[in-house]
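Good morning, and thank you for coming. Please look at the sequence and the structure as I put them on the screen.

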There are 2 protein chains.
Amino acid sequence: MGGVSTVGDRVDRADRVPKQDRSRATRQRLLEAAVACLAEHGWAGSTVSVVAERAGVSRGAAQHHFPTREDLFTAAVEYVAEERSTALRALFPEGAAGDRRAVVSALVDLYTGPLFRAALHLWVAASNEEQLRPRVTELEARVGRETHRIAVDLLGADESRPGARESVQGLLDMARGLGLANLLTDDTARRDRVVAQWAALLDDALGEASG
Amino acid sequence: MGGVSTVGDRVDRADRVPKQDRSRATRQRLLEAAVACLAEHGWAGSTVSVVAERAGVSRGAAQHHFPTREDLFTAAVEYVAEERSTALRALFPEGAAGDRRAVVSALVDLYTGPLFRAALHLWVAASNEEQLRPRVTELEARVGRETHRIAVDLLGADESRPGARESVQGLLDMARGLGLANLLTDDTARRDRVVAQWAALLDDALGEASG
């Protein structure tokens with residue numbers, strides 16, 4: 001604390017970090033690099049080696065964590081999706097009691113960044129590659145269920161109300177479509193207008209927020 | 001007429017077909033084969049040679065019609081999208097006077113077949129390939145405008161009514177997202193429920209059909 005650390009200091013400190021924590025940090029760096037790589041270069045340009053280099057991790061260490069390319073990239077999309085979900089819940093601690101329109105915007109935003117691009121590349125690759133397909137199908141189901149659960153909670157939707165469940169599902173489908181529309185061009189201005197209109201329609205469909 | 005045609009007969013008849021018509025038929029066969037190929041094998045597995053073989057056309061003839069891979073596949077997606085649009089208009093000759101719910105279903109169906117798969121592969125490839133990107137961006141804008149126009153006409157939406165334009169856009173975004181959800185698994189049952197609910201919300205938003 002306070003002093004300029006020497007190389008010796010740093011090595012000492014690294015030694016004191018429990019091995020398990022260092023392994024977890026390496027794993028996280030690999031997962032984040034994998035999503036960034038997939039978003040930028042697509043499936044064809046994404047290999048364990050490329051990600052290891054990007055994360056500053058040896059190829060051997062990367063393969064210790066993720067034996068196959070499929071392991072690495074499906075784990076990466078799941079990990080980053082969980083991070084984003086946690087962040088989204090933290091953003092609306094008051095949940096349904098808060099601003100529903102703001103919740104709709106935040107849900108739609110889940111589909112416009114690097115995570116969506118990465119997931120899209122994985123998805124499209126899985127449609128042609130038998131090795132990838134079952135893995136991505138399962139991943140999609142898990143992430144989809146979790147996103148639906150968060151949306152229902154944050155929107156204060158009462159799923160026993162007729163049409164409420166399908167209204168929330170349709171919103172998430174629309175969000176996915178808006179993500180696709182943003183892939184090649186910046187679609188922000190149009191998206192904002194569409195979201196404002198459908199948030200109003202959704203608000204009517206859902207009625208009072210349930211707590 | 002009536003007789004069993006011999007090889008000689010067929011050659012004679014082919015000779016009598018004007019050259020221009022034969023060229024157009026070859027072009028159409030190539031375009032249809034290109035969409036099927038892209039839908040099944042993705043961008044990486046789609047070349048002019050593969051399509052030429054599938055269409056039963058010589059590689060030279062294919063290259064005469066489409067000098068580059070980009071030319072062939074962007075033309076193919078545009079051609080098939082136009083075919084589907086024409087078919088959709090023909091399906092609802094009475095337009096806005098007809099069944100709005102059926103129109104919504106038919107619009108959503110535009111995004112669940114081989115054409116959507118092909119377009120998706122092209123779209124995703126364009127996000128990483130500089131050569132393809134401007135071509136696909138333009139194509140997307142043209143096809144998107146045309147689809148919006150058809151949707152407005154068939155739904156009888158009065159775009160001077162506040163929110164009507166954005167309601168129709170949101171519907172098409174949702175349709176695109178539903179297409180994505182159908183990529184790896186058959187999502188028909190869930191999609192039908194979502195479409196029924198959102199068609200009802202849209203109906204409220206659009207009000208009386210304008211002629």
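Predicted model: local features only at pLDDT ≥ 70, side-chain atom pairs only at ≥ 80, totals over all residues.

In helix α3 of chain A, residues 48-55, the buried residues are A:V48, A:V51, A:A52 and A:A55. Buried means under 20% relative accessible area, with a 1.4 Å probe and protein chains only; helices are DSSP runs of H or I, at least four residues, numbered from the N terminus. An α-helix has 3.6 residues a turn, so residues three or four places apart point the same way. The buried residues of α3(A) pack against α2, α4 (59-65) and α5 of chain A, where contact means heavy atoms within 4.5 Å. Just after α3(A), A:G56 has a positive phi of about 70 degrees.

Residues are numbered from 1 along each chain as its sequence is written, chains are lettered from A and ligands numbered from 1 in the order in which they are written, and side-chain values use heavy atoms, leaving out hydrogens and water.

Let us turn to chain B. Is B:H148 buried or exposed? B:H148, in helix α8 (residues 133-155) of chain B, counts as buried because its relative accessibility is 12%. Leaving aside residues up to four places away in sequence, B:H148 touches B:E159, B:R165, B:V168, B:Q169 and B:L172.

Definitions and conventions: Helix = DSSP H or I, 4+ residues; strand = E, 2+ residues; numbered from the N terminus. Buried < 20%, exposed > 50% of the residue type's maximum accessible area, 1.4 Å probe, protein only.
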